Amino acid sequence: MSRVCKKIAGLFGLAFVVGITAVASGIPPVQQASAVSGDVNVYFKVVNNDEFSAQIVSPTEGSISYSDGGVTAKISYTDASSLSVYLTYPDGRQELVDTITPGDESGDFDLALPVYEYGDYTITVSGQDLNGSFVDGDAKAFSYRAITAEVSEDGDKVDVKYGSNVCMLGFQVYKATDTAREHPLLDPEYLISAAQSGEIPNLAEVAIPGFDQFGPDEYTVVVTAYDCLDNVLDSDDVAMLGVINPPITGSINILGITISQTDYLITGLVVFVLAAIFALFLLGRRKKTTKR
């Protein structure tokens, strides 16, 4: 190829590169077009199944609710499309209490629980996440009682907690070995009026008359709650140890000072022995004086 042809071909190649560059410079980059496009708003929402939450705020685990009109549960949730609340009763049966369709992505609500029997319950909540998948939630065990009892700190009284519909408290004592409770030790049952303090639960510390006379043994004290029509509502029992009574020795009061008869006799014997020794000493000296 002649030198003139080579120069012409080079000029055409350079012109082609310049033309392609000019065209390319007029086309906006894809990323830039997406960034500056102000008329289109694109929103992304990523749903994570792990974000589903259904928590039982109250009642708390192991809590006791007393007879003051029922039990209300508070449940909080996050990312739930529906929630189902179940209640397991003291006899073991489980029932659906309610199904809730939340209007918000998160929140909480109160739900009255149909508790009528006294005993131990379990509340369970489960539901569906925003994708419609079923997810397990929370579970809490609690008790609904009319009365609970425990031994006082000093060990010789019974501390009782009771609800607002209790009118009378009954106390009966059995030996711990009397598991069938066929031989009550109190006749009749010790009864007291259940005062209402206006606070739930009410509190009472009770000393059972005659309990200290049963002797040093193991006993079971059964506390029964009665309503105002003398119907039994609920009961609870506690284990108590009998009182070890000191031996009966009697006492003597001298010038306002009480002295047991045992101490009095021992003191008298000591004084008698000392007096005898002193008398023998004086008698010995007298004999020596007489001999002189």
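**View 1. Strands β7 and β8 pair in the antiparallel sense over 9 bridges.** In this predicted model, local features need pLDDT of at least 70 and side-chain atom pairs count only at pLDDT 80 or more, while totals for chains, interfaces and linings use all residues. Residues are numbered from 1 along each chain as its sequence is written, and side-chain values use heavy atoms, with hydrogens and water left out. Strand β8 covers residues 134-145. Strands (E, at least two residues) are DSSP runs numbered from the N terminus, as are helices (H or I, at least four); two strands pair if DSSP finds at least two bridges between them. Gly127 stands opposite Val135 in β8. The hairpin of β7 and β8 has 4 residues between the strands, and Gly132 takes a positive phi near 90 degrees there.

**View 2. Strand β7 (residues 119-129) also pairs with strand β4 (residues 80-88).** The pairing is antiparallel and runs over 8 bridges. Tyr86 has Thr124 in β7 as its bridge partner.

**View 3. Tyr89, Tyr121 and Phe142 form one aromatic cluster.** Rings of Phe, Tyr and Trp (its six-membered ring) pair if their centres lie within 6.5 Å; planes under 30 degrees apart count as stacked, over 60 as edge-to-face and the rest as tilted. The charged end of Arg93 sits over the ring of Tyr89, 4.0 Å from its centre. Such a placement requires NZ of Lys or CZ of Arg within 6 Å of the ring centre and within 35 degrees of the ring normal.

**View 4. Phe211 and Phe214 form an edge-to-face aromatic pair.** The centres are 5.9 Å apart, with 85 degrees between the planes. The structure holds 8 aromatic pairs. Phe211 counts as buried because its relative accessibility is 4%, whereas Phe214, at 24%, counts as partly exposed. Buried means under 20% relative accessible area, exposed over 50%, and partly exposed in between (1.4 Å probe, protein chains only).

**View 5. An open sheet of 4 strands has the order β12-β11-β14-β15.** Its pairing is antiparallel. The edge strands, β12 (190-193) and β15 (232-241), each pair on one side only. From one strand to the next the twist averages 20 degrees; axes are lines fitted to C-alpha atoms, for helices over the stretch in contact, and angles run from 0 to 180 degrees between N-to-C directions. Strand β14 (residues 218-226) is joined to β15 by 9 bridges, and Ala225 has Asp234 in β15 as its bridge partner.
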